[in-house]
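Visitor: Hi! I'm new to this one. Could you show it to me and walk me through a few parts?

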Amino acid sequence: MRRMWTSLVCGALLVCSFAVRAPLQAEDIIKLFNGGVVSGEIIDETDDEVTIRTKRGNLQVISRADIYSVERAGSNLDELESRQAALRRFDLDGHLELARWALEKDLVDEAHALFEKVIDLDPDNVEAREALGYRRYDGKWYTEAAYMQDVLGMVLWEDRWVTPEQKGLLEMGFVQNEQGEWGRPEPVGPSNYSSDPGDRVVTGSEEQPSDVEPARDPQPRPPVVERDPAERAWYDDHEAVAWAEAKTYESKYYLIKTNVKPEYAKRYMKMMDQFYLRFQEVFNLKPEQGSRKSEVWIYASQQEFMQNTGMSQGVGGFYNTGTRRVTAYHGRFGNNGTTQEVLAHEATHQFQDKVIPFGNAPIWILEGFAVFFESAEYDGEQVNIGTIPQDRLSHLKRGLSSGDYIPLVELIRTSQAQFTAYHYAHAWSFIYMMIYYGDKKMQKRNQAVFSELFYRTKQGYVTAEAVEELFGGHDKFVEFEAMWKEWVLDLPYDFDPNN
Ligand SMILES: [Zn+2]
């Protein structure tokens, strides 16, 4: 026993020195007369037995009587080095043979280095190319990555190869359903869209810790205006024909398929066209001439919507980028939401998809504008923009005054997957400020920033760095952030952009 103890200490020391050389070393291999092979790290050898630590960390003491041969990893490496030194520079076969031998001895890195030399001498050497993982296409050799990129046109998403379209979708948190359709359900969307607490991550109001008094919330919120009772009744009327008999109503900009009463459908036609005009105005972008009218489906009730789409109760509607269609239902949603807010939000995404190359705009822009329009008011004649989403602003003010907020530098670097309801509030406020902050001259300048930003989406994905650059660089952007904090803290809940 004592002797064994001593060898273990010795072994431990060996491990230390072994570890340093480990990247270059293969394992020690003990071949047995019975055909077995034990590989690992030999930590002790006596005349009678050999002690080896296997990869799993087990110690095995093997009797010499059972051992056919012992191959020390280091000895293979030494042999390789001496054989390599003896090779002539242009000896193609010699390099190839040594590479094979190295591979056999499990000296993989060394084998690969030798195969590289073979390729230097003979660029078309199939054995070396294949050993290094090259693929041949149209008479040319490609590395695995180059093959995926240049031949198949794929891009890397985390650790897998996908199409650029798929990457754009994945980055924005889209999911693919069993039918292969991509969609962006928005259960984490605006707080008034959600009624099912189990289905959503956070909402504007729930995230607030109730026991924390805001340090600064200077403006009392105006009383919530009760909705027009006639309008309420309208949203509660689900009289309809079967979905199979739903009609498609063609307005100036939309194709609206719905099974609600025709008079309700007409109201939606008018409302959607008014939103469309505002989209064009605010984005200052027009879809290509002759582009298809945007498709909107409105089910007569939430129940019908859920049955037909498979969406949960927490989803008020969604835009599917594959079908380019907005799907929603006629009715109320959550505490204060209605079809109007849902359609305004999702139709914003639909419009964005028409004018901004897909996947090229950062998520804070897409969602910030969607919230901007979702908060707009429709008076039956036209859409009035600039209304403050009070829950979101209240939440944001509390966060800013207690220091629990998302810095803008972080916001513009947040992916769709990480985008919470609190991010929506930040994104909205950022965009709201860009539109309404300062005098006319300032507003013009800020509008130019967006125009430039949208223009850049034509070239590719707009990075956070590119956004900062439009503000004059990272430092200037941080300065803007300080202004943003002050502005939002002082922003009245009933701010009227027209005054
Ligand atoms: Zn959205």
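Guide: Happy to! First, a term: axes are lines fitted to C-alpha atoms, for helices over the stretch in contact, and angles run from 0 to 180 degrees between N-to-C directions. Helices (H or I, at least four residues) and strands (E, at least two) are DSSP runs, numbered from the N terminus. This is a predicted model, where local features need pLDDT of at least 70 and side-chain atom pairs count only at pLDDT 80 or more, while totals for chains, interfaces and linings use all residues. Residues are numbered from 1 along each chain as its sequence is written.

Visitor: Okay, at what angle do α13 and α18 pack?

Guide: Helix α13 (residues 390-402) and helix α18 (residues 474-490) meet at about 125°, and their axes are 9 Å apart.

Visitor: And which residues make the contact?

Guide: From α13, Leu396, Lys397, Leu400 and Ser401; from α18, Lys485, Val488 and Leu489. Being in contact takes C-beta atoms, placed from the backbone, within 7 Å.

Visitor: Switching to sheets: what is the strand order in the open sheet of five strands?

Guide: The order is β4-β3-β2-β1-β5, with antiparallel pairing. Two strands pair if DSSP finds at least two bridges between them.

Visitor: Which strands stand at the edges?

Guide: β4 (59-63) and β5 (67-71); each has a single partner strand, so one side of each lacks a neighbour in the sheet. From one strand to the next, the twist averages 45°.

Visitor: How many bridges link β2 and β3?

Guide: Five, joining β2 (residues 37-45) to β3 (residues 49-54) in the antiparallel sense. Ile42 has Ile52 in β3 as its bridge partner.

Visitor: What joins β12 to β13?

Guide: A hairpin, through three residues. Those strands, β12 (residues 247-250) and β13 (residues 254-258), pair antiparallel over four bridges.

Terms used. Two residues are in contact if their C-beta atoms, placed from the backbone, lie within 7 Å.
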